[in-house]
Amino acid sequence: MAEQPELTIQGWGPPPAGSSTDAAGDRAPALEAVLPKAARRHLARELGWTPRSTPPVPVAEIRLAPSRLPDPARAALAGLLGEENVRTDRESRLLRAGGKSYLDLLRRRAGDATDAPDAVVLPGTTEETAALLALCSEHDVVVVPFGGGTSVVGGLAGVDPDDRPAVALDLRRMASVQELDVPSSMVTVGPGMRGPALEEALGREGLTFGHLPQSWEFATLGGYAATRSSGQASTGVGRFDDLVTGLTLATPSGVLEVGGAAPASAAGPDLLGLALGSEGTLGVITELTLRVRPKPATSSYEGWSFRTWAGGLAALQRLARHDLLPDVVRLSDVDETRANLLMSGSAGARVLRGTLRARRRGEGCLLVVGWEGLPDMVRARVRAASALLREGGGVRLGRAVGESWRRHRFGAPYTRDTLLDAGLLVETLETAASWAALPTVYDAVRRALRESLTGGGRRPLVMTHLSHGYPTGASLYFTVLADRDEELPIQQWLGAKRAATDALLTAGGTLTHHHAVGADHRPWLEREVGTLGVEVLRAVKTRLDPKGICNPGVLLPD
Ligand SMILES: Cc1cc2nc3c(=O)[nH]c(=O)nc-3n(C[C@H](O)[C@H](O)[C@H](O)COP(=O)(O)OP(=O)(O)OC[C@H]3O[C@@H](n4cnc5c(N)ncnc54)[C@H](O)[C@@H]3O)c2cc1C
């Protein structure tokens, strides 16, 4: 199996050529290469921002505390896994310091990795993982499972109320296909495997998995299960939790196997549901069985335009009611559509601008829809859905717009580092709500973000899209740009995030649709699941992890 590339320490993408802890530091492309002049002017005016140069400190200067792993624990771990799989060197620890949220990046860019794990351990099997957890319980060492390191909610923060030494448990040695059951359309895999490797293996058999989050180049299958992730085609393919039929969870109290090969079961409550979304707090997912499907024979991606956000929402709600939602659905509001047109100097934006002009449309709200499957089915679904979209006031922009979105859909995270270098705050947040509550949630979150981030000549740009449609509602995804407060950048975002989270919960949204709870959302978990709900989760944790060593800083509130 080919080595999976590391994710760079201070941003997105593989590290620059050479060592990932190169003294030169992580370098992003220049602002001029990422934003056309018109977009730079527009943003400067809208945000009250003056582009400036604020590069990250060189990687070689990032501060790291000495490892606190006690010698007896280190020796025991090395005895179990072999010396080469217990690492305390600078590079190994730096590469597993936290995830990729704006707050994570601010810390790493400022040269602070004092929260890095004390060591990195790499078990190769379920049995080794279970033995490792028992051993860490005995030695009072915290264990933080580490998949791709793409958490955006502080899922890898490793904060322990008792301040015990912590190890990152990297799952990369468990990253292969173990069994492919073609007649039953199921594959059993190791949790450290990433989407591209799985798709390559399945593709050889004419199969696909189809889970495509924007982070898919680096995130792992175990991470998807631990966070209940959702990919870009989730409306058709399903959320990640819909795709898992069974898994193995190694815990300090033993190995739990949940779900299985049977397509359904009535044997009591669903324990699989307890493991999905457990974010490393109950143990480590060491094996997963997933549903797969034949590669689609055809696909059709299209752009549509609606004059207003409300018009687009109403049309999609109608599709949902008639079970006609496409496999991929993404409706951008006016602010996101305009920003995409301006900020992307790519061929995609040129195609969209040209098509809107030819159709005599203003910017409006862009809708991208994608359909996949057997040609007759795709044709029939496209025909029926297009009629409803047209009746709802939509204008078809054609396939070039849809295909262009498809080609560039993994590109946005690569531009974030450049925007951070230029002095911007760049972050996203997400929720989901019923069709009835969506308009209120949309208004409430935008208002909260604007009020919190406006002041001292600064104004934020809040861009929103709807994606992941369901019969009863959909998710909303907000992208925020603002002039960064260089004095108090962390407090600036924490205030905005707090206001937006309070607003979305009050308006009827969920705390998170797919990013998970992590450290960042846990103060609000009780508002969503109630006091008794939190107590139930705590009781399960106490049974499986009596010493509380499994990722103690996430999910459950203090
Ligand atoms: C640019 C960008 C785009 C993103 N786009 C999307 C998107 O489109 N959809 C989406 O759903 N998410 C998205 N995310 C968020 C992130 O990719 C997901 O949460 C993903 O599921 C995390 O997977 P990972 O392997 O990187 O897990 P990690 O970040 O390594 O870990 C996440 C959490 O899961 C735990 N964990 C990891 N592996 C295991 C395991 N085997 N057993 C037990 N616990 C484990 C960790 O301890 C941690 O708490 C995005 C993130 C970024 C940075």
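This report walks through the overall build of the chain, one of its strands and the surroundings of its ligand.

## About the model

The structure is a predicted model, in which local features need pLDDT of at least 70 and side-chain atom pairs count only at pLDDT 80 or more, while totals for chains, interfaces and linings use all residues. Residues are numbered from 1 along each chain as its sequence is written.

## The chain as a whole

The protein chain has 20 helices and 18 strands; helices (H or I, at least four residues) and strands (E, at least two) are DSSP runs, numbered from the N terminus. Its radius of gyration is 23 Å, close to the 24 Å that the globule rule gives for 558 residues, so the protein chain is as compact as a globular protein of that length. Here the radius is taken over C-alpha atoms, and the rule is 2.2 Å times the number of residues to the power 0.38. Along the principal axes, the C-alpha atoms fill a box of roughly 75 × 55 × 45 Å.

Of the 558 residues, 49% are buried. A residue counts as buried if 20 or more other C-beta atoms lie within 10 Å of its own, exposed if 12 or fewer, and partly exposed in between, with C-beta atoms placed from the backbone.

## Strand β8 and its neighbours

Now zoom in on strand β8, residues 244-251, where seven of the eight residues are buried. On one hand, β8 pairs with strand β10 (residues 284-291) in the antiparallel sense over six bridges; strands count as paired if DSSP finds at least two bridges between them. In this pairing, T248 has E287 of β10 as its bridge partner.

Strand β9 (residues 254-259) also runs antiparallel to β8, joined to it by six bridges. A250 stands opposite V255 in β9, and a hairpin of two residues links β8 to β9.

## Around the ligand

There are 38 residues around the ligand, and G147, G148, P213, G222 and G223 come nearest. A residue is near a molecule if its C-beta atom, placed from the backbone, lies within 6 Å of it. The largest share, five residues, comes from α8.

The ligand lies between domain 1 (43-170) and domain 2 (177-294), because both give residues to the shell around it. These bounds come from an automatic or database domain assignment.
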